[in-house]
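Work through the exercises below with the sequence and the model in view. Each task is followed by a solution in steps.

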Amino acid sequence: MKARERLVRHAGYLKIGLAAYLLGAGWLMSAYPFGFVIRFVFAVVSLAIVAAAFWSLFEMPCPACRKPLGAAGFKIATRASRASEARCPHCAQRLDDAP
């Protein structure tokens, strides 16, 4: 399996998990009447989870050197970049090659 395929698959799992969490959190907040403070804290925690999921796309490791891919990994995982010359910024391995 190519590194690009692995990154896209990881991002897909992340999207499914995040959607399930947000749907569950929305249902929980609408089903049970809580006080304003508890709702606000729950909203802040939810935003932190979304931000952590977004940040994890930047922290995906290179299959060769295991260092974070940064913006290159994020662009590939979100399919914003279709460039065939995507490379690791640290070891310059092409992400379309098998590891």
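**Exercise 1.** Find the helix that holds Phe 40, then the surface patch to which Phe 40 belongs.

Step 1. Phe 40 is found in helix H2, residues 36–56 (helices are DSSP runs of H or I with at least four residues, numbered from the N terminus). The model is predicted: local features need pLDDT of at least 70, side-chain atom pairs count only at pLDDT 80 or more, and totals for chains, interfaces and linings use all residues. Residues are numbered from 1 along each chain as its sequence is written, and side-chain values use heavy atoms, with hydrogens and water left out.

Step 2. Together with Phe 36, Val 37, Val 41, Val 44, Val 45 and Ile 49, Phe 40 makes a nonpolar surface patch of about 680 Å². Areas come from the Shrake-Rupley method with a 1.4 Å probe.

**Exercise 2.** Is Ser 46 buried or exposed?

Step 1. Ser 46 lies in helix H2.

Step 2. Its relative accessible area is 12%, so Ser 46 is buried (buried is under 20%, exposed over 50%, partly exposed in between).

Step 3. Not counting residues up to four places away in sequence, Ser 46 touches Tyr 21 and Ala 25 (contact means heavy atoms within 4.5 Å).

**Exercise 3.** Which residues do ring pairs link into a cluster?

Step 1. There are 2 aromatic pairs (ring centres within 6.5 Å, using the six-membered ring of Trp; planes under 30 degrees apart are stacked, over 60 edge-to-face, the rest tilted).

Step 2. Phe 54 and Phe 58 pair edge-to-face, at 5.8 Å and 75 degrees.

Step 3. Trp 55 and Phe 58 have centres 5.5 Å apart and planes at 35 degrees, so this pair is tilted.

Step 4. The cluster is Phe 54, Trp 55 and Phe 58.

Note on methods. Patches are made of residues with over 30% relative accessible area and no salt bridge: like charges are joined within 9 Å, nonpolar side chains (Val, Leu, Ile, Met, Phe, Trp, Tyr) within 5 Å. A salt bridge is a side-chain nitrogen of Lys or Arg within 4 Å of a carboxyl oxygen of Asp or Glu. Helices (H or I, at least four residues) and strands (E, at least two) are DSSP runs, numbered from the N terminus. Buried means under 20% relative accessible area, exposed over 50%, partly exposed in between (1.4 Å probe, protein chains only).
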